[in-house]
Amino acid sequence: MSSSAEFTIKTEHLAVGYSKFPIVSDISLSMQPGELLVLIGTNGSGKSTILKTMAGLLQPINGQLKILGSAAGSLPKRVAYLPQHPVSTHTLPLRVRDVVAMGRFAHLGLFKKPTTHDNQIVDNSMHLTGIGSQANNPIRDLSGGQQQRTHLAQVLTRQAEVLLLDEPTAGLDINGRKLVAELIASERARGVTVVMATHELQDAENANTVMLLAQRVVSIGAPEDALRDEYLRECFGFTQPH
Amino acid sequence: MFIEPFANNEFLRISLVAGILVAITCAIAGTFVVLRGLAFIGDALAHGVLPGIATAMLLGVSGVVGAAVGSLVMMAGVSVVSRRFRLSGDTAIGLLFVGMLALGVMITSRSRTFVGDLSRILFGELLGVNTSDLVLQLVALVIVGVVAFIARRPFLLLCVDEGLAKTSGFSSRLFHNLMLTIVAVTVIASFQTVGTLLVLGMLIAPSATGALFARRISTMIFIAALVGSISTYVGLLISYHYDLAAGASIVLTTVLIFAIAATYTEIKKAIAKNSHEEHEHPHSHAGSHIR
C-alpha cells in the first residue's frame, strides 16, 4: 500500500513527553506494511504519549520519527488515531452515523461533498463494528461499549494506511474484544500497519513487535522475547501464569 | 392583543425584526458556544466589549467600532495570558473579564449620563433600533451563517475533541479562533438590541433548548432560532402590555422555555424508564399480591 516509503513507521532514538520533559527516551524501531506493534505498560508508562506523538499531537522531544516517510501529523488522510477516551460525543446531539462519517472529513476537507463511495465506506464500517442497526440513534443514548464501537468505526472510515489505537478494547465485553482482534487482523491483511496501546498481555499474541514500557523501554522485540518473565516482573511486579 | 401592537406600532415592528435577526444569529453562534463549552468565554467577550463601547461613546465614535476593538483586545488577552503564564483558560478569561468590566464602568463613570449609558450598553435598547441597525444585524447574520457553514466540519470535530480536529488535518487553533470570532461578531452586532449582558442569554438558552431535542447540529440550530424568535415575539408583547424592559423580557422568556423543555424531557425520560421496567418485570406487582 505504501510504496512511497520503505517503512511505514521509523523511529531513531526518539524521545517523547510533554513540555520538553521526556517520559520515554531512546525509542528505535521500524515497521513495515501489515505489521502490528503492541505497546504494553501500566498507567503513566508512556504508551499514550508515544501514540500521541505518532499522531502528531505532541512534538518529538528528541530523535527522528517518520510516518509513511513524512513528519508525524502531516498525512491526515493516511493515518488514523483513536484516542484513549474519545469523550464529549455523549453530550452532543449527533446520530451514530454522523459520528462515524466524521472519519471521512480528512478526505473531504472543507468543501467536497460526500460521494456514494464515501457513504458506502461509512455503512461498511458500521456494519463491521456491529453498530449498523444503531445508525440513526443518538450516540448519547448508547452504552459505553457501543460508543467505543462507534469510535472504532469512525477510525476505520478513514481508510488509513496506519492505525494508531489507544486502548481500543476499553469498555468492551468479550465479544467486543474478539471483534477488535478480528478487525485488526483484517486491516493488517490489506496492508495496514497497526500500533496499539493496551494493558492486556493477551492482546500481544498476534503482534510482530511488542514494546514493554515503564517510563522507559523495558524490552522490545517479538512477543516471546519481549514478554520474558524478568521483563514482566520489572514492568508489572509479577509474571504470566504458565 | 397578540397582533395589534405590531400592526399599529412601527417601532415595535422594527424591534421584532431586529430581535428575530439577533435570535437567528445567536442560534448559529450559540450552538457552538453550548457544544464546545464556551459559555464563560462568551460571557467574557460580552463584557469585554464594554470599555470599547464606553470609550467610543465618550469620543463620539460608533459603538460598533468600540465593541470590535474591545472584543479583539479580549480575545488576544485571553490567548496571551493562558499561553505565557501557564494558567488554565478559565482563570485567564476570569481575570480579563473582571478587568475589562471594571475598566468599562470606570470609563462610563466619566460620562454625565453614567447610569443611562451603562444601562443602555448592558441591557440594550431594542425599542430604539433603526433601519441602519437592522442592516448591520443582517450583515452580521450573513457573516456568521456563511463562516459556520464553510467551517461546519472542523467546528464539529472541535466540539468532539481538539485532537480529532488536528488529526483530521484541520488547524485546531485557527478554527477555534474562527469560532470565537463568530461569537464576537454576534456580540458586537447584538449589543444595541439586547445589550452586552443579555446577549449571553440569547446565545445560550435557545441553543441549550435545542440540545435537549435535536439529533443533528442543523436541527439544534433550527430549534434555537425558533425558540429565540418566539421569545422575541412573546417578550415584546409582555414588554408592551406590562411596560417592562424589552430585552430582559425576551431573555427571561428564553430561559423559561428552556425550563419547561427540560422539565418535559425529564418527565418523558421517567415515563419511558417506568414502562421499560414494567416490560422487563411484568409480573412483579401480581407476585406481591399472591404472597
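This is a predicted model: local features need pLDDT of at least 70, side-chain atom pairs count only at pLDDT 80 or more; totals for chains, interfaces and linings use all residues.
Residues are numbered from 1 along each chain as its sequence is written, while chains are lettered from A and ligands numbered from 1 in the order in which they are written.

**The three-stranded sheet of chain A**

- Strand 1 (residues 9-18) and strand 2 of chain A pair in the antiparallel sense over seven bridges; strands count as paired if DSSP finds at least two bridges between them.
- The open sheet runs in the order 2-1-4, with antiparallel pairing; helices (H or I, at least four residues) and strands (E, at least two) are DSSP runs, numbered from the N terminus.
- Strand 2 (21-31) and strand 4 (62-67) of chain A are at the edges with a single partner strand each, so one side of each has no neighbour in the sheet.
- From one strand to the next, the twist averages 35°.
- Helix 1 (residues 47-55) of chain A packs on this sheet and touches strand 1, strand 2 and strand 4 of chain A; a contact here means that C-beta atoms, placed from the backbone, lie within 7 Å.
- The direction of helix 1 makes about 115° with that of strand 1 of chain A; axes are lines fitted to C-alpha atoms, for helices over the stretch in contact, and angles run from 0 to 180 degrees between N-to-C directions.

**The six-stranded sheet of chain A**

- Here the open sheet has the order 5-6-7-3-8-9, and its pairing is mixed.
- Strand 5 (79-82) and strand 9 (217-221) of chain A are the edge strands, each pairing on one side only.
- Strand 3 (residues 36-41) and strand 8 (residues 209-213) of chain A run parallel, joined by five bridges, and Leu37(A) has Thr209(A) as its bridge partner in strand 8.
- Helix 8 (residues 229-236) of chain A packs on the sheet, touching strand 3, strand 8 and strand 9 of chain A.
- Helix 6 (residues 174-189) of chain A lies across strand 3, strand 6 (162-166) and strand 7 (193-198), at about 155° to strand 7 of chain A.

**Helix packing in chain B**

- Helix 2 (residues 10-36) and helix 12 (residues 217-242) of chain B pack at about 150°, with axes 8 Å apart.
- These two helices of chain B are therefore roughly antiparallel (under 35 degrees counts as roughly parallel, over 145 as roughly antiparallel, 65 to 115 as roughly perpendicular and the rest as oblique).
- Their contact residues divide into 16 nonpolar, seven polar and no charged; Ala, Val, Leu, Ile, Met, Phe, Trp, Tyr, Cys and Pro count as nonpolar, Asp, Glu, Lys and Arg as charged, and the others, Gly among them, as polar.
- Helix 9 and helix 11 (residues 172-213) of chain B pack at about 100°, axes 10 Å apart, and are therefore roughly perpendicular.

**Where the chains meet, and confidence**

- 20 residues of chain B are in contact with 19 residues of chain A.
- Helix 9 of chain B gives the largest share of chain B's side, five residues.
- That side of chain B divides into eleven nonpolar, four polar and five charged residues.
- The predictor gives the complex an ipTM of 0.86 and a pTM of 0.86.
- Chain B averages a pLDDT of 85, and 92% of the residues score at least 70; pLDDT is the predictor's confidence in each residue, from 0 to 100.
- Over residues 286-291 of chain B, the pLDDT is below 50.

How values were computed. Two residues are in contact if their C-beta atoms, placed from the backbone, lie within 7 Å.
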